Amino acid sequence: MGLQGKVIFVAGVGSGLGSAVVCLLASEGATVVGVARGSKVLDQIAAHARLRGWKFSPRTADLTDQAQVDRTVRSVLDEFGHIDGVSINIGHWLGGETLLHRMSDDEWSVALRDNLDPVFRVARATLPPLMKQGHGSVVLVSAAPAVRHAGSVSYSVAKGGLADVIPQLAGDYRSHGVRINAVLPGSMSKEVAELDPPNPDRPIALTDTTATGPWEVAGAIRYLLSDESRWVTGSLLLVDGGASSGGKEPTTRPLRAR
């Protein structure tokens, strides 16, 4: 997908989606900088990357702290000279109060702090170098409508805000050659069983009882970061196996026509 030689900044590397994104991009030849608050997952990926010959550069930083974010981005630019893409996989689902007037200050602010603030801080630090070089791709992670609406009202506001702002950001940065898109995952499993990307050449049943796989979402992020999507900006790519469509499947059917 034209990722060979690209430097991709992946913010928010956990044991699920973040790990899948890093490993998928690195397995296709990208130089991947992975940023997380702690080093445990980063160390695991780094050890696996050495075995596979992948180019992976771990960084630890608190992405809610602008000074740490700025320092991390500067270190990447100093080491590699440029950043071609940014994947911001920050945030988590929050349940709880769905009636606005019953929410406490903490219930309201924690969803915005964890799901919106780091996105703003990482984007603010990485957009200027992308603009300066005249190209780049930024991919945000929101959530499928059903996931947003199942959470607390503050979570819905945070993830809905990310989705709503994409067309505006895409328009604002289009003249600078920077593409901005988002993926909207369904209810997603939190961990990946192994760090080698799975073989995609297999049938997958689209059912409402199967959680969205991190590798499926990582594949969508890979596409939006790659040269294959060079004419795509301002898009919201729904990755939930059709759960948001409300359709019903037959109880038995062939998984793939052969």
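A nonpolar core is a set of buried Ala, Val, Leu, Ile, Met, Phe, Trp, Tyr and Cys residues joined through side-chain atoms within 4.5 Å. The views below are taken from a predicted model.

**Figure 1. The largest nonpolar core and the elements that build it.** The largest nonpolar core of the model comprises 35 residues, and Leu25 and Ile221 have the most contacts inside it. Two or more residues come from each of strand E1 (7-11), helix H1 (17-27), strand E2 (31-36), helix H2 (40-52), strand E5 (136-141) and helix H8 (214-225). The greatest contribution is that of H1, which supplies eight residues.

**Figure 2. The surroundings of Ile221.** When residues up to four places away in sequence are not counted, Ile221 touches Leu17, Val21, Ser87, Asn89, Val139, Val141 and Val183.

**Figure 3. The salt bridge between Glu28 and Arg222.** Six salt bridges are found in a search of the whole structure. In one of them, the side chains of Glu28 and Arg222 meet, with an N to O distance of 2.4 Å. This pair links distant parts of the chain, since Glu28 lies in the loop between H1 and E2 while Arg222 belongs to helix H8, 194 residues apart. Glu28 has a relative accessible area of 26% and is therefore partly exposed. Arg222, in contrast, is classed as buried because its relative accessible area is 19%, the limit for burial being under 20%.

**Figure 4. The salt bridge between Asp62 and Arg37.** Asp62 and Arg37 form a salt bridge in which the closest N and O atoms are 3.4 Å apart. The two residues are 25 residues apart and connect distant parts of the chain: Asp62 is in the loop between strand E3 (55-60) and helix H3 (66-80), and Arg37 is in the loop between E2 and H2. Asp62 counts as buried because its relative accessibility is 18%. Arg37 is exposed, with a relative accessible area of 61%.

**Figure 5. The salt bridge between Asp196 and Arg52.** The side chains of Asp196 and Arg52 meet in a salt bridge at 2.7 Å, N to O. Here too the pair links distant parts of the chain, 144 residues apart, with Asp196 in the loop between strand E6 (178-185) and H8 and Arg52 in helix H2. Asp196 is partly exposed, its relative accessible area being 21%. Arg52 also counts as partly exposed, at 43% relative accessibility.

Figure 6. Trp108 is found in helix H4 (residues 105-115). Together with Leu100 and Val157, Trp108 forms a nonpolar patch on the surface, and the three residues have about 260 Å² of accessible area together. Trp108 has a relative accessible area of 32%, so this residue is partly exposed; membership of a patch requires over 30%. Other residues of H4 are buried, namely Ala111, Leu112, Asp114 and Asn115. The cover over the buried residues of H4 includes helix H5 (117-133) and helix H7 (153-173).

Figure 7. Gly95 is located in the loop between strand E4 (85-88) and H4. With a relative accessibility of 36%, Gly95 counts as partly exposed. Gly95 touches Gly151 and Ser152, apart from residues up to four places away in sequence. Between Gly95 and Leu184 there are 18 Å in space, C-alpha to C-alpha, and the two are 89 residues apart in sequence.

**Figure 8. Gly246 in the segment after strand E7.** Gly246 is placed in the segment after strand E7 (236-239). Gly246 counts as exposed because its relative accessibility is 57%. The C-alpha atoms of Gly246 and Asp208 are 9.5 Å apart, and these residues are 38 residues apart in sequence.

**Figure 9. Confidence along the chain.** The chain has an average pLDDT of 90, and 95% of the residues score at least 70. Over residues 254-258 the pLDDT falls below 50, and this stretch has six contacts in the model beyond near neighbours in sequence. Where pLDDT is low, the predicted coordinates should not be read in detail.

Key. Residues numbered from 1 in each chain as written. Predicted model: local features only at pLDDT ≥ 70, side-chain atom pairs only at ≥ 80, totals over all residues. Heavy atoms only, no water. Patch = residues over 30% accessible without salt bridge, like charges linked within 9 Å, V, L, I, M, F, W, Y side chains within 5 Å. Areas by Shrake-Rupley, 256 points an atom, 1.4 Å probe, with all protein chains shown as cover. Salt bridge = Lys/Arg side-chain N within 4 Å of Asp/Glu carboxyl O. Helix = DSSP H or I, 4+ residues; strand = E, 2+ residues; numbered from the N terminus. Buried < 20%, exposed > 50% of the residue type's maximum accessible area, 1.4 Å probe, protein only. Contact = heavy atoms within 4.5 Å. pLDDT = per-residue confidence, 0-100.
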